[in-house]
Amino acid sequence: MSRSDLSQGDSECKDFWFNMQALTAYLRKASEQNPAASYYNVDVLKYQVRSDGIRSTPLNLAVYWKCAPGSTDLRVDYRYNPDSMAAPGPLGGLQILVPVDGGVTGMQSLPVALWNAEQNKCLWKLSDISEKSENQGAGSLRAKFDVSAGPSNPSTLAVQFMSEGGTLSGVDMELQGAGYRLSLSKKRFATGRYMADC
């Protein structure tokens, strides 16, 4: 629905033009599908941000494994990093998924995690974290696994979270031109490929 001007010389600003006919058609179709809605969301700009090391990541992680023939101990330390965000906001929908091999027969964890025996994965779901959380958003996850075919092999953790109301890049948007107005602008970022190794 939009295109950008590649000839601009200002690296701090980029202009995009909307195909207003395509936008109008999209909004008309959304209205037909849900006529009772008071407004319709339109994704204006989506982009990816690459990590520039630990300073640029909103959630810093450190993973420790202790693998023995009969048991596996895991500790995941996490710390909220407000300095990585243009306008710090809470991280929500936080999930940490850990594959554990070695024939897990039992698990004890703190806080309580879910064990999926079919996929051999441990899952922690955490409440929103921010600077206002306990310990300014820092904490530890711990689990002890009883294994029948150990030792386990340390694995890569997959992490998910999102944040509403801000961006990592500080990108903002301004609508210019007569005849149109922007009534509401929502910002959010979410994890893509966010992994942690020991």
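Visitor: Where does L175 lie?
Guide: L175 is placed in the loop between β10 (157–164) and β11 (188–190). Strands and helices are DSSP runs numbered from the N terminus, a strand (E) having at least two residues and a helix (H or I) at least four.

Visitor: And what kind of model is this?
Guide: This is a predicted model, in which local features need pLDDT of at least 70 and side-chain atom pairs count only at pLDDT 80 or more, while totals for chains, interfaces and linings use all residues. Residues are numbered from 1 along each chain as its sequence is written, and side-chain values use heavy atoms, with hydrogens and water left out.

Visitor: What is the mean pLDDT of the chain?
Guide: The mean is 86, and 93% of the residues reach 70 or more. Here pLDDT is the predictor's confidence in each residue, on a scale from 0 to 100.

Visitor: Which elements have the lowest and the highest mean pLDDT?
Guide: The lowest mean, 50, belongs to strand β1 (residues 2–4), and the highest, 97, to β7.

Visitor: Back to L175: is it buried or partly exposed?
Guide: L175 is partly exposed, at 38% relative accessibility. Buried means under 20% relative accessible area, exposed means over 50%, and partly exposed is in between, using a 1.4 Å probe and protein chains only.

Visitor: Which residues make the nonpolar surface patch?
Guide: The patch covers about 860 Å² and is made by F16, V44, L45, Y47, V49, V171, M173, L175, Y180 and L182. Patch residues have over 30% relative accessible area and no salt bridge; nonpolar side chains (Val, Leu, Ile, Met, Phe, Trp, Tyr) are joined within 5 Å, and like charges within 9 Å. Accessible areas come from the Shrake-Rupley method with a 1.4 Å probe, and for residues only the protein chains shown count as cover.

Visitor: How many salt bridges does a search of the whole structure find?
Guide: The search finds 3. A salt bridge requires a side-chain nitrogen of Lys or Arg within 4 Å of a carboxyl oxygen of Asp or Glu.

Visitor: What does K144 form a salt bridge with?
Guide: The partner of K144 is D73, and their closest N and O atoms are 3.5 Å apart. K144 lies in strand β9 and D73 in strand β4 (residues 71–80), so this pair ties together parts that are 71 residues apart in sequence. K144 is partly exposed at 34%, and D73 is partly exposed as well, at 26%.

Visitor: And which residue does R75 meet in a salt bridge?
Guide: The side chain of R75 meets that of D77, at 2.9 Å from N to O. R75 is partly exposed, with a relative accessible area of 27%, whereas D77 is buried at 18%.

Visitor: What about R188?
Guide: R188 and E164 meet in a salt bridge through their side chains, at 3.7 Å from N to O. R188 lies in strand β11 and E164 in strand β10, so parts that are 24 residues apart in sequence are tied together. E164 is partly exposed, at 47% relative accessibility.

Visitor: Is S163 buried or exposed?
Guide: S163 counts as buried, at 3% relative accessibility, and its place is in strand β10. A polar atom of the S163 side chain lies 3.0 Å from the backbone oxygen of P90.

Visitor: New topic: how many aromatic pairs are there?
Guide: The structure holds 1 aromatic pair. The pair is formed by W115 and F145 and is tilted, at 5.8 Å centre to centre with 55 degrees between the planes. Rings of Phe, Tyr and Trp (its six-membered ring) pair if their centres lie within 6.5 Å; planes under 30 degrees apart count as stacked, over 60 as edge-to-face, and the rest as tilted.

Visitor: Where do W115 and F145 lie?
Guide: W115 is in strand β7 (residues 114–116) and F145 in strand β9 (residues 138–147), so the pair ties together parts that are 30 residues apart in sequence. W115 is partly exposed at 25%, while F145 is buried at 0%.

Visitor: What is phi for N135?
Guide: N135 has a positive phi of about 60 degrees although it is not a glycine. N135 lies in the loop between β8 (121–126) and β9 and is partly exposed, at 48%.

How values were computed. Polar contact = N/O pair within 3.5 Å; in protein donor to acceptor, adjacent residues only side chain to side chain.
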